[in-house]
Amino acid sequence: MANYLFYFLIFPGFLFAAAGGGILSWFDRKITARVQFRKGPPFLQPFYDVLKLLGKETLVPRNSAKIPFLYAPVFALTGATLAAVFILLPSFGITSGFRGDLIVIYYFLTVPSISWIIGAMATGNPLAITGASREMKLVLSYELAFLLILAAIIYKSGMTLNLADIIDYQKQNGALAGSLSGILLLITFIFCIQAKLGLVPFDMAEAETEITAGMFIEYSGFSYALVKLTRYILLFILPSFLVVLFLGGFQWSGTGIVWSVLKLLAVVLVLTLIRNTNPRLKLGQAMKFFFVGMNLLVIAAFVLSLYGL
């Protein structure tokens with residue numbers, strides 16, 4: 001029991017994933033600043049932001065449904081933390097004894113978005129509801145592509161639903177991104193991550209210049225600190241998930257440690273560059289992008305996989 005609490009609360013769960021996400025958030029903001037010819041924030045700024053919010057009052061809208069409004073960030077953080085545990089345990093060579101964890105990870109990664117949609121709908125604020133409506137449609141768009149990618153990975157890895165087995169398969173046969181079909185799946189996965197993180201060009205659910213932070217407009221204090229922590233964790237575990245699925249996972253001995261960190265930073269760098277070199281898409285454009293473009297790309301990867309490419 002103590003081991004499970006340690007896994008969920010400290011390593012590789014909440015504290016570890018939140019700290020790693022805070023560091024990657026600083027890296028993302030620093031790269032963004034350099035692209036825009038600015039200096040950027042100090043290293044600990046993401047952590048200062050959370051601590052500052054923890055010390056502020058949490059305001060609850062008068063006409064809101066208080067229970068779903070206040071508990072939505074808690075459920076979002078819980079889902080992200082559980083996903084972090086199931087992704088990172090096999091990445092560190094820790095056997096959880098859980099079979100079929102890939103499907104469970106998929107469901108846990110949908111919890112934050114669904115929780116935020118419920119919380120925004122509970123506010124009674126028309127801007128928050130507009131953001132929630134946009135997020136709902138975006139989720140329906142990219143989740144199909146995301147699920148098809150996982151299905152393709154399961155097929156390419158010998159029909160296994162276990163993340164540890166996928167890592168072992170790549171150790172024996174090379175990274176999945178080393179094939180043509182793997183490259184197509186990798187490209188699609190990157191855009192799905194971009195949408196899951198709510199980064200430009202898929203940030204229409206927040207769209208600060210249009211609907212003033214959208215889903216999160218009514219959140220403040222402790223509740224918004226939980227939102228920040230959830231987004232830090234997602235910024236850490238989604239690129240980590242990509243590294244595990246496509247780039248052979250992590251190595252924690254010798255020079256493999258440096259190589260593992262570089263792979264993770266490279267993925268975040270790509271996400272940051274996409275964010276800073278593209279305009280925000282309209283909702284209809286984003287839905288068409290995933291329903292048509294990304295799904296066709298995954299289907300093409302499936303066909304190539306059948307021929308061993």
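Student: About how much space lies in the largest pocket?

Tutor: The model is predicted: local features need pLDDT of at least 70, side-chain atom pairs count only at pLDDT 80 or more, and totals for chains, interfaces and linings use all residues. Residues are numbered from 1 along each chain as its sequence is written, and side-chain values use heavy atoms, leaving out hydrogens and water. A pocket is an open set of points on a 1 Å grid where a 1.4 Å probe fits, with protein on both sides within 12 Å along at least five of seven lines. Filled by probe spheres set on its points, the largest pocket holds about 910 Å³.

Student: Which helix supplies the largest share of the lining of the largest pocket?

Tutor: The lining (residues with an atom within 4 Å of a point) has 33 residues, with Gly198, Leu199, Glu206, Arg231 and Arg275 nearest the centre. Helices (DSSP runs of H or I, at least four residues) that each supply at least two include H2 (14-35), H8 (180-196) and H11 (256-276). The largest share, six residues, comes from H10.

Student: Which elements give two or more residues to the lining of the second largest pocket?

Tutor: About 220 Å³ of space lies in the second largest pocket. Among its 14 lining residues, Phe16, Phe236, Trp252, Val261 and Leu264 lie nearest the centre. The elements giving two or more residues to this lining are H2, H10 and H11.

Student: How far apart are the end C-alpha atoms of helix H4?

Tutor: Helix H4 covers residues 66-91, which is 26 residues. At 1.5 Å a residue (times one less than the number of residues), H4 should span 38 Å. In agreement with this, its end C-alpha atoms are apart by 39 Å.
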